[in-house]
Amino acid sequence: MALMLASARRLVEGCQIAVPPNTEHFAIDWLGDEVIGATLGIIEMGSIGYMVAKRAKAFEMKILYHNRNQRKEEEEQAVGAIYCKKIEDLLQESDFVMLVVNLTP
């Protein structure tokens with residue numbers, strides 16, 4: 001979540017501009033994209049992906065996910081997640097995409 005927020009709001013770039021002592025102005029367009037109300041696509045919503053969805057809900061994000069198997073309806077409702085059978089649909093509809101998979105051979 002922290003990486004998504006930092007990249008969306010251009011935190012590192014903004015810090016590099018704001019820190020030097022000769023900085024007098026900070027352009028409003030350097031604030032990046034708004035996360036609140038955006039659509040987050042989660043690819044593979046296992047236990048970690050589900051925890052990401054819980055945190056994204058706090059930002060009032062619309063949550064789409066693609067998984068081998070659809071989660072239980074009550075789990076989806078708890079975080080407001082919508083299952084996408086096709087990964088292409090998730091990619092097309094999402095403002096941000098998070099890949100949450102295990103590193104396996």
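Colleague: Which residue's side chain has a polar atom 3.3 Å from the backbone oxygen of Gly46?

Modeller: That is Arg71. A polar contact is a pair of N or O atoms within 3.5 Å; within protein, one must be able to donate a hydrogen and the other to accept it, and residues adjacent in sequence count only if both atoms are side-chain atoms. This is a predicted model, where local features need pLDDT of at least 70 and side-chain atom pairs count only at pLDDT 80 or more, while totals for chains, interfaces and linings use all residues. Residues are numbered from 1 along each chain as its sequence is written, and side-chain values use heavy atoms, leaving out hydrogens and water.

Colleague: Where is the place of Arg71, and which residues does Arg71 touch?

Modeller: Helices (H or I, at least four residues) and strands (E, at least two) are DSSP runs, numbered from the N terminus. Arg71 sits in the loop between β2 (62-66) and α4 (73-79). Contact means heavy atoms within 4.5 Å. Leaving aside residues up to four places away in sequence, Arg71 touches Met45, Gly46, Ser47, Tyr50, Tyr65 and Glu76.

Colleague: How many helices and strands does the protein chain have?

Modeller: Count five helices and four strands. Starting at the N terminus, their order is α-α-β-α-β-α-β-α-β. The radius of gyration, taken over C-alpha atoms, is compared with a globule rule of 2.2 Å times the number of residues to the power 0.38. For the 105 residues here that rule gives 13 Å, but the protein chain has 16 Å, well over it, so the chain is more spread out than a compact globule. Its C-alpha atoms fill a box of roughly 55 × 35 × 25 Å along the principal axes.

Colleague: What is the phi of Glu44, and what is that of Glu60?

Modeller: Glu44 has a positive phi of about 75 degrees although it is not a glycine. Glu44 lies in the loop between β1 (39-43) and α3 (47-58), and is partly exposed at 22%. Glu60, also not a glycine, has a positive phi of about 55 degrees. Its loop joins α3 and β2, and Glu60 is exposed at 60%.

Conventions. Buried < 20%, exposed > 50% of the residue type's maximum accessible area, 1.4 Å probe, protein only.
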